[in-house]
Structures are given as structure tokens and as C-alpha cells.
Amino acid sequence: KDDYGIAEDFIYEVGAMVQPGDSAIFALVERIFDDAVKQFEGFGGKVLMTTLTPEQDAKIQKVLIRAGK
């Protein structure tokens, strides 16, 4: 979290919601947020959102690219 600048409050909020037996999906969405959210309608749950700076986004993109290799 510190490496990517994600607010600690956000991390704790998500952690408090996810209980044993629950699931969480983290999605990196650009521009068309409403369309992405609609894909999850009907499954229940709660959509949380945070905004990343371009620098934070670049760090996460690097990790995802490396993980995909």
C-alpha cells in the first residue's frame, strides 16, 4: 500500500468488509467506470472506488505487466 500510495483508510475499510468466506475483486479501470460497474450488477456486494495519480498508476501497471509474463 505504501509503495503504491493507496490510502491506509481505504485499505482498512476494505479489510473490515471482507470477512471469512467473502470475496473481493480489485479492478483497475480507466475512463469508463460506469460501464465497468454495470458488469457487476446483480451479484450483490458493494463497489468502492479510489483514484490513483499517474505515478501510482504507472507503478501498478509495471507490477501487472511483470506478473503477466
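This is a predicted model: local features need pLDDT of at least 70, side-chain atom pairs count only at pLDDT 80 or more; totals for chains, interfaces and linings use all residues.
## Largest pocket

The largest pocket holds about 1300 Å³ of space. Its lining comprises 36 residues, and those closest to the pocket centre are Phe10, Ile25, Phe26, Ala27 and Leu48. Two or more lining residues come from each of helix 1 (8-17), helix 2 (33-38) and helix 3.

By residue class, the lining of the largest pocket consists of 24 nonpolar, six polar and six charged residues. Rolling a probe the size of a water molecule over the atoms is what shows where empty space remains.

## Overall architecture

The protein contains three helices and zero strands. Read from the N terminus, the order of elements is α-α-α. Along the principal axes, the C-alpha trace spans about 30 × 25 × 25 Å.

Among contacts in the protein with a separation of 6 or more, 67% are between residues 24 or more positions apart. The accessible surface amounts to about 6100 Å², and carbon and sulfur atoms contribute 55% of that area. Of the 69 residues in the protein, 6% are buried.

## Glutamine 56

Glutamine 56 is part of helix 3. Its relative accessibility is 12%, and because the limit for a buried residue is under 20%, glutamine 56 counts as buried.

The side chain of glutamine 56 comes to 2.5 Å from the backbone nitrogen of threonine 53. Leaving aside residues up to four places away in sequence, glutamine 56 touches Tyr4, Gly5, Ile6 and Thr51.

## Lysine 59

Lysine 59 also belongs to helix 3, which covers residues 54-67. With a relative accessibility of 44%, lysine 59 counts as partly exposed, since that class lies between the 20% limit for buried and the 50% limit for exposed residues.

Once residues up to four places away in sequence are set aside, lysine 59 touches Asp3 and Tyr4. Lysine 59 and tyrosine 4 are 55 residues apart along the chain, and their C-alpha atoms are separated by 6.6 Å.

Glutamine 56 counts as buried, whereas lysine 59 counts as partly exposed. Helix 3 is also one of the elements that give two or more residues to the lining of the largest pocket.

Key: Residues are numbered from 1 along each chain as its sequence is written. Side-chain values use heavy atoms; hydrogens and water are left out. Helices (H or I, at least four residues) and strands (E, at least two) are DSSP runs, numbered from the N terminus. Buried means under 20% relative accessible area, exposed over 50%, partly exposed in between (1.4 Å probe, protein chains only). Contact means heavy atoms within 4.5 Å. On a 1 Å grid over the protein atoms alone, a cavity is a set of points where a 1.4 Å probe fits but cannot get out, and a pocket is an open set with protein on both sides within 12 Å along at least five of seven lines; lining residues have an atom within 4 Å of a point. Grid points are joined across faces, edges and corners, and a volume is the space filled by probe spheres set on the points. Ala, Val, Leu, Ile, Met, Phe, Trp, Tyr, Cys and Pro count as nonpolar, Asp, Glu, Lys and Arg as charged, and the others, Gly among them, as polar. Accessible areas come from the Shrake-Rupley method with a 1.4 Å probe; for residues, only the protein chains shown count as cover. A polar contact is a pair of N or O atoms within 3.5 Å; within protein, one must be able to donate a hydrogen and the other to accept it, and residues adjacent in sequence count only if both atoms are side-chain atoms.
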